[in-house]
Amino acid sequence: MLAVKGRFQEINMIIAIDGPAGTGKSTIASMIAEKLNITFLNSGGFYRTLTIAILDAGIDYKDEKATVDFCKQQKIEYTKESHFILNGTDVTAHLHDDRVAANVSQVSSIVEVRHFVNDLMREITKSLSIVCEGRDMTTVVFPMAEYKVYLDASSEVRAQRRFDQGVSDMTFEEIKAAIEKRDEM
């Protein structure tokens with residue numbers, strides 16, 4: 001690793017942070033990326049972006065083949081400012097809408113969608129030093145990452161973190177139930 005004036009250069013590095021929803025992966029990854037002046041990549045944003053596309057198009061994600069085919073037709077761009085651009089439209093402000101939160105785990109549980117997103121993330125990281133966070137980051141997506149971290153917390157703590165973020169109209173109990181359902185999936 002080569003550091004020049006606090007910025008990593010020439011050698012691309014991947015820091016992978018893994019763990020279940022609500023453990024603080026995004027918070028920690030964002031802090032590390034800022035401190036090292038490298039790019040932060042939120043893997044969940046890809047699934048949320050695809051979920052927006054699927055919901056807006058009226059695709060039934062229970063039809064896995066149609067869903068995968070549809071996803072592969074979408075153009076997703078990721079900016080250095082951590083914005084998600086779907087077919088030319090910045091959808092970042094809508095990634096945590098309740099309708100997305102209610103459907104994203106079903107979309108992300110489709111194996112071929114996961115493969116598609118993993119390929120997108122690997123492509124993005126080819127030319128960057130980056131901090132990536134998300135489920136399976138350290139084992140499936142970037143098993144050869146230079147640094148790997150796994151975070152965990154109880155469902156109560158994770159639900160409280162989500163509730164305190166204020167991005168949902170759901171109650172604490174509803175958030176906790178949704179987190180536990182995601183864990184099961």
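Reader: Is threonine 138 buried or exposed, and why?

Author: In this predicted model, threonine 138 has a relative accessible area of 11%, and because buried means under 20%, threonine 138 counts as buried. Threonine 138 lies in helix H7, residues 137-141.

Reader: What is threonine 138 in contact with, leaving aside its neighbours within four places in sequence?

Author: Its contacts are Ala16, Ile17 and Asp18, together with Pro143, Lys148 and Val149.

Reader: Where is threonine 92, and what is its relative accessibility?

Author: Threonine 92 sits in the loop between strand E7 (89-90) and helix H4 (98-101). Its relative accessibility is 22%, so threonine 92 counts as partly exposed. Not counting residues up to four places away in sequence, threonine 92 touches Ser82, His83 and Phe84.

Reader: How should I read an aromatic pair?

Author: Two values describe a pair of aromatic rings: the distance of the centres and the angle of the planes. The structure holds four such pairs. One of them joins phenylalanine 46 and phenylalanine 84, with 5.0 Å centre to centre and 85 degrees between the planes, which is edge-to-face. This pair links distant parts of the chain: phenylalanine 46 belongs to helix H2 (residues 43-57) and phenylalanine 84 to strand E6 (residues 84-86), 38 residues apart.

Reader: Are phenylalanine 46 and phenylalanine 84 buried or exposed?

Author: Phenylalanine 46 and phenylalanine 84 are both buried. With Tyr78, these two form one aromatic cluster.

Reader: What is the general idea behind a nonpolar core?

Author: In soluble globular proteins, nonpolar side chains tend to be buried together. Here the largest nonpolar core has 43 residues, and the residues with the most contacts inside it are Phe46, Val113, Val117, Met121 and Phe142. H2 supplies the largest share of this core, six residues.

Reader: What does phenylalanine 142 touch, not counting residues up to four places away in sequence?

Author: Phenylalanine 142 touches Ile14, Ala16, Met121, Arg122, Thr125, Cys132, Met137 and Lys148. Ala16 and Lys148 are also among the contacts of threonine 138.

Reader: How is empty space found?

Author: Rolling a probe the size of a water molecule over the atoms shows where empty space is left. The structure holds one cavity of 30 Å³ or more, and about 210 Å³ of space lies in the largest cavity.

Reader: Which residues line the largest cavity?

Author: The lining consists of Arg48, His96, Ala101, Val104, Arg162, Val167, Ser168, Met170, Ile175, Ala178, Ile179 and Arg182. Seven of the lining residues are nonpolar, two polar and three charged. Helix H9 (residues 172-184) gives the most to this lining, with four residues.

Reader: What is the volume of the largest pocket, and which residues are closest to its centre?

Author: The largest pocket has a volume of about 800 Å³. It is lined by 37 residues, and Asn42, Gly44, Arg48, Arg162 and Arg182 are the closest to its centre. Elements that give two or more residues to the lining are helix H1 (25-36), strand E4 (39-42), H2, helix H5 (104-108) and helix H8 (155-165). H2 gives the most, with five residues.

Reader: How do the lining residues of the largest pocket divide by type?

Author: Ten are nonpolar, 18 polar and nine charged.

Definitions and conventions: Residues are numbered from 1 along each chain as its sequence is written. This is a predicted model: local features need pLDDT of at least 70, side-chain atom pairs count only at pLDDT 80 or more; totals for chains, interfaces and linings use all residues. Side-chain values use heavy atoms; hydrogens and water are left out. On a 1 Å grid over the protein atoms alone, a cavity is a set of points where a 1.4 Å probe fits but cannot get out, and a pocket is an open set with protein on both sides within 12 Å along at least five of seven lines; lining residues have an atom within 4 Å of a point. Grid points are joined across faces, edges and corners, and a volume is the space filled by probe spheres set on the points. Ala, Val, Leu, Ile, Met, Phe, Trp, Tyr, Cys and Pro count as nonpolar, Asp, Glu, Lys and Arg as charged, and the others, Gly among them, as polar. Rings of Phe, Tyr and Trp (its six-membered ring) pair if their centres lie within 6.5 Å; planes under 30 degrees apart count as stacked, over 60 as edge-to-face and the rest as tilted. Buried means under 20% relative accessible area, exposed over 50%, partly exposed in between (1.4 Å probe, protein chains only). A nonpolar core is a set of buried Ala, Val, Leu, Ile, Met, Phe, Trp, Tyr and Cys residues joined through side-chain atoms within 4.5 Å. Contact means heavy atoms within 4.5 Å.
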